[in-house]
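Subject: Structure for your review

Dear colleague,

Please find below the structure that I am handing over to you. I would be grateful if you read my notes with the model open beside them.

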Amino acid sequence: MQLDPQVQAVLDKIRDAGNPEYWQMTPEQARDWHNRKAGILDVKPEPVFKTSDRSVPGPAGGIPVRIFTPRATAKPLPVLIWLHGGGHVVGSLDSYDALCRQLALQGDCVVVSVAYRLAPEHKFPAGVEDSFAALQWIAEHASELGGNSNRVAIGGDSAGGNLAAVCAILARDAGAPKLMMQLLVYPRTAPDEEFPSHYEFAEGHLLTRKTILWFHHHYRSSDADRLDFRYAPLICKDLSRLPPALIIVGECDPLRDDGITYAEYLQRAGNAVELTRYPGMVHPFFSMGGAVDAGRRAVAQAAGALKRAFSSA
């Protein structure tokens, strides 16, 4: 499957920067590289009306969040809770700042980016616990953030897509909050790494199989975690009565089949699902909008779906 020429140019720039792959670094080195990579991708932060950093209560103390308010208004705006990617090991409020600004502006909603605890210092299920605690608190206190507690969605990419999918299940089981939508961008959903796409794109497509295994080694407490749906939402026994989902995948992404299969399972369980495959795209093209046209289109698609979901309340 042929890579998009713009994606290939990005891969060349990253290769020329000379950094090793994540699995060849310590977690601390990988986090630093992840934060610096946004500059290589030419992602420029767009101005929004207001941003603010604060902490919300969590099971192990305060959870840092960053709130993006797109415009001044006396009327509460819808809220998107965003869980960043990074294999549960890397990723931060800063590395996803530009993307959250785009989603806030184009989706005309307050975006709350959540800095859940990362592995290996905090292994599974710490990230799940933080993400769900943040979701519950933000939904209950949306008015404090300029948001509407009756118009709340959750989203994330990669590991964040995994957490968003799990939080949607946990919210259904808890009876609250009622989510308008789940936005899952190339989510990791399976308990293992055995789908064909994991082998088809194991090398040469930015996210490699060795890096995925390195992430999962750091995230899991033991192999028994594979049997827990909070680790792998694909194995949840009941996927019914979940919020409408938009699932976005890249055709040249090792996680492609995770997203496609989860979309199929959600549909079989009676949920509304929109699945879009972007040809020639790698992981993480959704964050490459500064250099890749399809990344901008995918963000615009996500924002449009959010606006439609919020308006249906």
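Predicted model: local features only at pLDDT ≥ 70, side-chain atom pairs only at ≥ 80, totals over all residues.

The model contains an open sheet of 8 strands, in the order β1-β2-β4-β3-β5-β6-β7-β8, and the pairing is mixed. Its edge strands are β1 (50–58) and β8 (273–278), each of which pairs on one side only. On average, neighbouring strands of the sheet are turned by 20° against each other, direction ignored. Within the sheet, β3 (residues 77–83) and β4 (residues 110–114) run parallel and are joined by 5 bridges. In this pair, I81 stands opposite V112 of β4.

Helices on the sheet

Helix α3 packs on the sheet and touches β1, β2 (61–69), β3 and β4; the direction of α3 makes about 50° with that of β2. Helix α4 (residues 126–140) also packs on the sheet, where it touches β1, β2, β3, β4 and β5 (147–157). The direction of α4 makes about 115° with that of β1.

Two aspartates in helices

D97 belongs to helix α3, which covers residues 97–107. Is D97 buried or exposed? Its relative accessible area is 12%, which is under 20%, and therefore D97 counts as buried. Not counting residues up to four places away in sequence, D97 touches P45, R66 and F68.

D257 lies in helix α8 (residues 256–268). With a relative accessible area of 11%, D257 is buried as well. Leaving aside neighbours within four places in sequence, D257 is in contact with F195, P196 and S197. The C-alpha atoms of D257 and A115 are separated by 27 Å, and these two residues are 142 residues apart along the chain.

Backbone points to inspect

Most residues other than glycine have a negative phi, and most peptide bonds are trans. The following places depart from that pattern.

- A cis peptide bond joins F124 and P125, with omega about 10°; P125 lies in the loop between β4 and α4.
- H283 and P284 are also joined by a cis peptide bond, with omega about 15°; P284 is in the loop between β8 and α9 (293–311).
- H88, in the loop between β3 and α3, has a positive phi near 70°. This residue is buried, at 2% relative accessibility.
- Y186 has a positive phi of about 30° and is found in the loop between β6 (182–185) and α6 (196–200). Y186 is buried, at 0% relative accessibility.

Yours sincerely,
A colleague

How values were computed. Residues numbered from 1 in each chain as written. Heavy atoms only, no water. Helix = DSSP H or I, 4+ residues; strand = E, 2+ residues; numbered from the N terminus. Buried < 20%, exposed > 50% of the residue type's maximum accessible area, 1.4 Å probe, protein only. Contact = heavy atoms within 4.5 Å. Pairing = 2+ DSSP bridges. Axes fitted to C-alpha atoms, helices over the stretch in contact; angles between N-to-C directions.
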